[in-house]
Amino acid sequence: PQQAAPEALGAVLSDARAMRQQVVAHAADARTAYEHALAQSESHHRTMLEGQRELISLATQEGRLLYVNTAYGRHFGLDPSALVGRDLFDLVDPTDREAVRAHFAELEASAAPARTRNRNVSRDGRARWMEWTNTIQRGADGALLVHSVGRDVTEQHEAEQALRASQSLLENMGRVAGVGGWAIDLATRTLTWTPQTYRLHEVDDDFVPDIDRAIEFYAPEARPVIARAVERGLADGTPWDVELPFVTARGRPRWVRA
């Protein structure tokens, strides 16, 4: 019995060593599998970034580019590797450069993504309007980084500018000619007035017009005439052209042509 004890102990130790080796091997396999999955995930994520049509970048708060995707490089006519390390503010149109610097400086206080629009000089030398969504992040060393996603909105911006110019022109013409305009949503019967129409009625800018209130501005004997004209127009599109007595919100009598 005394001689069997060391043999039994040796068997236990041998089993323990074998179990330890199995645990180590299993842990190594698990780590390898994890690293492989991580590498695949990183590769998939990078592929997604490179395939995006939007311009994507990561930069320091001072503007030094740390990463740009293919679309970013294509927009500026440069290989992405040639842009890494460059100052992104050099890519901004000089007219907007200081505003973009100020925006970057303010990002630290913003927890939510912040949107901005500015001109960047594209590869053809033309200033293109870009809309950016900027998010503040922290690097591994705790430094502040700016993650930006941008898209070219030049055509949209120019269309908006043209519309504003057109609206301004119409408003100026209406003011000079004394002509106001209005529109009604047939589904909701919501009435919308131009600024000149507010002036013709002599009401404040916060006045909310509706059909009944608009008709009440006409003289009592004229209200049935304009009411019938409006209702027929709403019912079947019949146009009207009438001249009727009218009283402004300040009690001034006028004649208006509708």
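Residues are numbered from 1 along each chain as its sequence is written. Because the model is predicted, local features need pLDDT of at least 70 and side-chain atom pairs count only at pLDDT 80 or more, while totals for chains, interfaces and linings use all residues; side-chain values use heavy atoms, with hydrogens and water left out.

The protein contains 8 helices and 9 strands. Both kinds of element are DSSP runs numbered from the N terminus: helices are H or I runs of at least four residues, and strands are E runs of at least two. Of the 258 residues, 29% are buried. A residue is called buried under 20% relative accessible area, exposed over 50%, and partly exposed in between, with a 1.4 Å probe and protein chains only. The accessible surface of the protein is about 17100 Å², and carbon and sulfur atoms account for 55% of it; such areas come from the Shrake-Rupley method with a 1.4 Å probe, and for residues only the protein chains shown count as cover. Contact means heavy atoms within 4.5 Å. Among contacts between residues at least 6 apart in sequence, 36% join residues at least 24 apart.

The buried residues of helix 8 are I226, A229, V230 and G233. Seen down the helix axis, these residues fall within an arc of 95°, so they line one face of helix 8; the arc is that of the directions from the helix axis to the C-beta atoms. They pack against helix 7 (211–215) and strand 8 (243–247). On the other side of helix 8, R228, R232, A235 and D236 are exposed. For R228, the relative accessible area is 52%, and its C-alpha atom is separated by 9.9 Å from that of W240, 12 residues apart along the chain. Just after helix 8, G237 takes a positive phi of about 85°.

On a 1 Å grid over the protein atoms alone, a cavity is a set of points where a 1.4 Å probe fits but cannot get out, whereas a pocket is an open set with protein on both sides within 12 Å along at least five of seven lines; lining residues have an atom within 4 Å of a point. Grid points are joined across faces, edges and corners, and a volume is the space filled by probe spheres set on the points.

The largest pocket has a volume of about 490 Å³. Its lining has 24 residues, and W182, T197, H201, Y218 and A258 lie nearest its centre. Among the elements that give two or more residues to this lining are helix 6 (195–201), helix 7 and helix 8. H201 is found in helix 6 and is buried, with a relative accessible area of 9%. Leaving aside neighbours within four places in sequence, H201 is in contact with W193, F217, F246, T248 and A249.

There is 1 cavity of 30 Å³ or more, and the largest cavity holds about 120 Å³ of space. Of its 13 lining residues, Y72, L88, V100, F104 and W132 are the closest to its centre. Strand 3 gives the largest share of the lining, 3 residues.
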